[in-house]
Amino acid sequence: MSSNLNFENTDTILNEDRLFPPKSELVENANIMAYMKSKGFTDYDAFHKWSIENRFEFWEDMAKELHWFKPWEKTFEWTNKPFFRWFVGGQFNIVYNCLDRHMETPVRQKVAFYWEGDNGETRTLTYEDLYKLTNRLAKGLQNLGVKKGDRVAIYMPAIPEQVAALLAVARLGAVHTVIFGGFAASALRERINDAGAKVVITADGNYRGGKHIKLKEITDEALEDTPTIEKVVVVKRLSNDVPMQAGRDIYLDELLADIPEDTVVPCEPMDSEDLLYILYTSGSTGKPKGVVHVHGGHAVGLYMTTRFVFDIKPEDVYWCTADIGWVTGHSYIVYGPLMNGATSVLFESTPYYPNPDRFWSVVEKFKVSIFYSSPTAIRGLMRFGEEWPAKHDLSSLRLLGSVGEPINPEAWIWYRKNIGHNELPIVDTWWQTETGMILISPTVILPLKPGSATKPMPTIEADIVDKNGNPVDATKGGFLIIRHPWPAQMRTIYRDPARYETYWDTIPGVYFAGDAATRDKDGYFRVQGRVDDVIKVSGHRLGSMEIESCLVSHPAVAEAAAIGKPDPLKGEHVKVFVTVKEGFEANDALANELKQHVRSTVGPLATPDELEFRPTLPKTRSGKIMRRVLRAQELGEPVGDTSTLDA
Ligand code: WTA
């Protein structure tokens, strides 16, 4: 029984296989249970088996809950593998389902967002407020020439205008590409140029954790070489003086000045498969890839997972602490909750500012009932001790969630005990930018095991295989794959379909996630981490190549290799190995300069914690640096097959 556990004794929980059964009232009232019962099931495994055999019926049922301008003709088409289409022939706009639909119901007057700014200032927006703001912004963008198919970059703090910006762009049938506010100018420039964005929406800066973020100045630097950008819309967040370029830059309040409050710009009816957004993420090799998501199927997947995983009920107050610059924010701050008519919290600050009880004070203030955060945040807060959450009334909470990286059982147990009143379920949700929606996660009806994302969502055929796709002893681990497409899955990599195809031909015919995982005798999955050169720092996704190419752009650097090293707080941190060019001295001053160079070029989150100079780096005979060897040496693990190593 959970109440008898010695939570302080972490040794005993490293090999965690205790089961935490759900409370019966949660199970009885669960959204997913209502659906299961409608199909004649009360057992999840039996239902899951049915959902695989009847996947189209399941997805049609979910799609029918949403508004379609024109119904689809064919649920799924996979003739041109690995490219597929869902809800073929349908006309749809995700924003209609987030906003317009609710204008006909009592949701209109319901709170869409409680916003809390860095310094504790608050704003409350109803669905009607958000609808009006979105429509006016859409009109303003239209006046700047934005139309269906155009790309609009969004580089903003977490303020209500950011949410409205995504919705306004998508309302017009244009395509948004949101860039995380922690990325530096060259990372912003690279993404704007790949997307060919016409407009960028930014702000005159903000404070995060008391630190001034100069978004407009960074944008200006990025725009020194972005030929496609015509206009810059600047939201006044600080109302401070920032440089404005005549003819190019316009303040949002000026753009909206002549646009009446009740302006309506109808949602553009989009084909189900038309682009909704491009979100750049790091891969194993090369530059960041533009993951493409569409309107129709993507919406259906988000609607379903928000409803079933978070079990959202009309009276809930839901808070996802992610940033809208990452996929978690796109899916589970903006689109999923709004389609479900949920009341959410939008938060601009950090867990530690001004004190490490900021999260808990926000939970108490807004009576948050569903709280979705990251293992890094939980581990970070654990270090400050149990007294910080204990200062607050957290009784409004009824469900906790985790995302972005494996959650170690110690953190899971601490989270449940200190935040979850020793009894709340934790939904450990495994998914990716590319998957668009949560794929492996508990719903509130499943018994939990600390550190396990439990079981696949309905219709999702997850498996553990070897590199040829053959079954392995899953309890020992292997590659995590998914056998059949789902509606919210990425459709391609923007302007690089060949790169998309690698997801399906690394292990032929199945979706290769890039993660290693185990599955135990009860069918519970445990995702261990990446098997490629993706590094997860505090749950943020970075590519080795991005850091390396930044380093070699410095005049002193001949070669560089970046690896992720296990980190008790951040999950992983970046370590780089550098060889210097003739005439440069490898010393501490240079090491600091190089770390700073990564910080200012890629962004603070990519800053290496460790930098080691080496006379040479291990390479294959064809000259490729073997990060795998460096990582193994670093971790004291066997180096493995080095037959291709250039001795
Ligand atoms: C990791 C974030 C273990 C995993 C939504 C995946 C996780 C990568 C979990 C995708 C989890 C995400 N348990 N690992 N619950 N959730 N990951 O694209 O390595 O930023 O491949 O999407 O995060 O990161 P991304």
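Predicted model: local features only at pLDDT ≥ 70, side-chain atom pairs only at ≥ 80, totals over all residues.
Which domains does the domain assignment give for the protein chain?

View 1. The assignment gives domain 1 as 24–93 + 275–530, domain 2 as 125–268 and domain 3 as 534–635.

**View 2. Where domain 1 and domain 2 touch.** Here 31 residues of domain 1 are in contact with 33 residues of domain 2.

**View 3. Salt bridges and polar contacts between domain 1 and domain 2.** Count the salt bridges between these two domains and you get three. Arg495 makes a salt bridge with Asp194, and the closest N and O atoms of this pair are 3.6 Å apart. As for polar contacts, 14 residue pairs turn up across the interface of domain 1 and domain 2, both residues being at pLDDT 80 or more.

**View 4. The side of domain 1 that touches domain 2.** Zoom in on the secondary structure: the elements giving two or more residues to this side are β14 (275–281), α12 (327–339) and β17 (343–347). Strand β14 gives the most, with six residues. By residue type, this side of domain 1 splits into 20 nonpolar, seven polar and four charged residues.

Definitions and conventions: Residues numbered from 1 in each chain as written. Heavy atoms only, no water. Domains from an automatic or database assignment. Contact = heavy atoms within 4.5 Å. Salt bridge = Lys/Arg side-chain N within 4 Å of Asp/Glu carboxyl O. Polar contact = N/O pair within 3.5 Å; in protein donor to acceptor, adjacent residues only side chain to side chain. Helix = DSSP H or I, 4+ residues; strand = E, 2+ residues; numbered from the N terminus. Nonpolar A, V, L, I, M, F, W, Y, C, P; charged D, E, K, R; others polar.
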